[in-house]
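Keep the structure open beside you as we go.

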Amino acid sequence: MGRATCRRLAWLLALLPLLPLLAGTAPAPQTLTPIESRPAVPDFTLVDMDGASHRLEAYRGRPVIINFWATWCPPCRDELPSMERAWNRLRDQGVMLLAINVGEDEATIFPFTADYPVTFPLLLDRDGTVVENWPVRGLPSTFVVDPRGRVAYQAIGGRAWDDPALLARVLELREE
Amino acid sequence: MARPDRGAARGLALWLATVGSAAAEVARSSDAATGLVTWAWHDGASRITLAQLLPDQVRAFFQGRGFSADQSERVAAGCVFQLVIRNGAAADAAMTVELPVWRVERAGGDVGSPRLAAAWEAEWARLGVASGPRVAFRWALFPARQRFAPGDWNMGMLTLDLAHGTTFDLHAAWHAGSQVRSVRFRDLACAEDR
């Protein structure tokens, strides 16, 4: 058995007993918390799984969803499929979605994406320096940035990101 | 068991003296396959859940994140729960949780508080643990302080300096809007090492 397979089995074993717990806490209301003060976001430049560089500032002019996650985080995994469905609805609507992995490397994330395939960019914050600049307390945490580069909404904990009402709030930001 | 500092303990005593206990009951359930026990409190909207974690689960998790066997044993030798907190309240009723004021009470009156990320971070720094595992550890633990807007929730590990199998009460308190609320989880038990 390969080392990567052993590692995947190890975290699956560790997290298996938590599945009933998660089922009992499945996200009910798909809320986005408005941030009235609209603070400017801290800029960053990170590479994705393909080695391409992404600077947040470069996406100015359109709403950007920024998700902080990790492969070992059950609610992060739980929301990824709905995030992919959301991305399929948003990608041609002038909205960007960036998922920033906290503290892991390509060797960990790559096999993970076989089980959780996504087509939006997965950025690598290997040493956790970018996440430290954001008001993140736990994973997953997600921020919606308005076209002027300010935080418009945040969501702590997993969501069903393909919820139409939730997506409508993101799309409305294009008009601002 | 970590002891609250003197100032925090005095503030906690004053604070808890003014706190009204949340009326809802704590439900205890046990997984038929693993025997692991979960305690859950909810008031129809918000929910706090504590689930036992086996020491082997803790070892596997942290060794999978890059900790050595000796380092992961420092966590697994204690008492670890999976803590989930959800704010299901109506709009504008934020829930603010501060773990430093949570109180752990053992039979005989010994009182302490959870062991938080800052204490662990100091230990990992002293032991020269690499950055990668330390980043994972920091985010795997439930944060010491967190504000939950309606619909927000989080899950993370809660570590206590208690031996496997120890029973204790946990006095959890939080701000819900302008109110201070609390619940006493009675007879919680750390998982056995099996």
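Asp187(B) sits in strand β12 of chain B, which covers residues 179-189. In this predicted model, the phi angle of Asp187(B) is near 55 degrees, a positive value in a residue that is not glycine. Most residues other than glycine have a negative phi. Is Asp187(B) buried or exposed? With 57% relative accessibility, Asp187(B) counts as exposed, because the cut-off for that class is over 50%.

You will find Arg38(A) in the loop that links β1 (33-34) to β2 (45-47) of chain A. Arg38(A) has a relative accessibility of 18%, so this residue counts as buried, the limit being under 20%.

While you are in chain A, have a look at the loop between α5 (129-132) and β7 (141-145), where Pro140(A) lies. The peptide bond leading from Leu139(A) to Pro140(A) is cis, with omega near -5 degrees. Most peptide bonds are trans.

Now back to chain B as a whole. It has 5 helices and 12 strands, and 51% of its 194 residues count as buried. If you take the contacts in chain B between residues at least 6 apart in sequence, 66% of them join residues at least 24 apart.

Among those strands, five form an open sheet in the order β2-β3-β4-β5-β10, with antiparallel pairing. Which strands of chain B stand at the edges? They are β2 (26-30) and β10 (153-160); each has a single partner strand, so one side of each is left without a neighbour in the sheet. On average, neighbouring strands here are turned by 20 degrees against each other, direction ignored. Within the sheet, β3 (residues 37-42) and β4 (residues 47-52) of chain B pair in the antiparallel sense over 5 bridges. Trp39(B) stands opposite Leu50(B) of β4(B).

Finally, turn to two helices of chain B. The axes of α3 (residues 69-76) and α4 (residues 117-127) of chain B come within 12 Å and cross at roughly 160 degrees. This angle makes α3(B) roughly antiparallel to α4(B), because angles over 145 degrees fall in that class. The crossing of α3(B) and α4(B) is right-handed. From α3(B), the contact draws on Gln71(B), Arg74(B) and Val75(B), while α4(B) brings Trp120(B), Glu123(B), Trp124(B), Arg126(B) and Leu127(B).

Notes: Residues are numbered from 1 along each chain as its sequence is written. Chains are lettered from A and ligands numbered from 1 in the order in which they are written. This is a predicted model: local features need pLDDT of at least 70, side-chain atom pairs count only at pLDDT 80 or more; totals for chains, interfaces and linings use all residues. Side-chain values use heavy atoms; hydrogens and water are left out. Axes are lines fitted to C-alpha atoms, for helices over the stretch in contact, and angles run from 0 to 180 degrees between N-to-C directions. Helices (H or I, at least four residues) and strands (E, at least two) are DSSP runs, numbered from the N terminus. Angles under 35 degrees count as roughly parallel, over 145 as roughly antiparallel, 65 to 115 as roughly perpendicular and the rest as oblique. A crossing is left-handed if the near helix is turned anticlockwise from the far one by less than a right angle, and right-handed if clockwise. Contact means heavy atoms within 4.5 Å. Two strands pair if DSSP finds at least two bridges between them. Buried means under 20% relative accessible area, exposed over 50%, partly exposed in between (1.4 Å probe, protein chains only).
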